[in-house]
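Here are my notes on this one, point by point. Have a look at the model first, then read on.

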Amino acid sequence: MSFSTVTTRTARKEHKCEFCGKPIAKGESYQSVFIANEGSAYSYKLHMFCDDICNTEAREADEYSTLDFLFDCARDRVTYVKDNADMADYYGVTEEQISFLFGEVAA
Ligand SMILES: [Zn+2]
C-alpha cells in the first residue's frame, strides 16, 4: 500500500526545488509532495511549474513510488515531445516546459 499528498505552501525561507535544482524564492508558492510507500517515505518541494511538468497529481503511487523514477518519467516525457511535437497534447507538455528544461527558445 502507498499513498501520497500534495500541498500548496508559501515559502517562509528559500528552498531548493528537487526537480530542477533551482531555488524556490522566499514568499513564492510551491508544492510540497509527500509519498509513503511500503515503509519508506519521501518528502520534497517543487516549483509550481515543475510540479506541472512532473504531473504529481496524476501519478499512481505504486508506479511512481520513488522520487527519481517520477522525475525520470517527467524528463522522458518532455524529451519525447521535444522530438515528437505532434504528441504534445497527448502528454500535456507545453513549449514553455520544453524550453524551461532544455534552455531553448521554442520555435
Ligand atoms: Zn523547479
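1. Let me start with T8, which counts as exposed, since it has 10 C-beta neighbours inside 10 Å. T8 sits in strand β1 (residues 2-10). Leaving out residues up to four places away in sequence, T8 touches S29 and Q31; contact here is C-beta atoms, placed from the backbone, within 7 Å. S32 is 24 residues away from T8 in sequence, yet their C-alpha atoms are 6.1 Å apart.

2. Some housekeeping. This is a predicted model, so local features need pLDDT of at least 70 and side-chain atom pairs count only at pLDDT 80 or more, while totals for chains, interfaces and linings use all residues. Residue numbers run from 1 along each chain as its sequence is written.

3. Now the overall layout. The protein chain has four helices and five strands, in the order β-β-β-β-β-α-α-α-α along the sequence. Of the 107 residues, 21% count as buried. Take the contacts between residues at least 6 apart in sequence: 39% of them join residues at least 24 apart.

4. β4 (29-37) pairs with strand β5 (residues 40-47) in the antiparallel sense, over eight bridges; pairing requires DSSP to find at least two bridges between the strands. Within this pair, I35 stands opposite Y42 and F34 has S43 as its bridge partner. Two residues separate the strands, and E38 in the turn has a positive phi of about 45 degrees, so that's one to check on your screen.

5. What about the core? The largest nonpolar core has 15 residues, and F19, L46, C50, I53, C54, A74 and V78 touch the most other members. By "core" I mean a set of buried Ala, Val, Leu, Ile, Met, Phe, Trp, Tyr and Cys residues joined through C-beta atoms within 7 Å. β4, α1 (48-54) and α2 each supply at least two residues of this core, and α2 gives the largest share, four residues. A74 touches I53, C54 and N55, again not counting residues up to four places away in sequence.

6. Then the helix pair. Helix α2 (residues 67-83) packs against helix α4 (residues 95-102) at an angle of about 110 degrees, with the axes 10 Å apart. Axes are lines fitted to C-alpha atoms over the stretch in contact, and angles run from 0 to 180 degrees between N-to-C directions. The two helices are therefore roughly perpendicular, a label that covers 65 to 115 degrees. R75, V78, V81 and K82 in α2 meet Q97, I98, L101 and F102 in α4. The residues of this contact divide into five nonpolar, one polar and two charged.

7. Finally, M87. It lies in the loop between α2 and α3 (88-91) and is partly exposed, with 14 other C-beta atoms within 10 Å. Apart from neighbours within four places in sequence, M87 is in contact with Y80 and V81. R77 is 10 residues from M87 along the chain, with 9.7 Å between their C-alpha atoms.

Note on methods:
A residue is buried if 20 or more other C-beta atoms lie within 10 Å of its own, exposed if 12 or fewer, and partly exposed in between; C-beta atoms are placed from the backbone. Two residues are in contact if their C-beta atoms, placed from the backbone, lie within 7 Å. Angles under 35 degrees count as roughly parallel, over 145 as roughly antiparallel, 65 to 115 as roughly perpendicular and the rest as oblique. Ala, Val, Leu, Ile, Met, Phe, Trp, Tyr, Cys and Pro count as nonpolar, Asp, Glu, Lys and Arg as charged, and the others, Gly among them, as polar.
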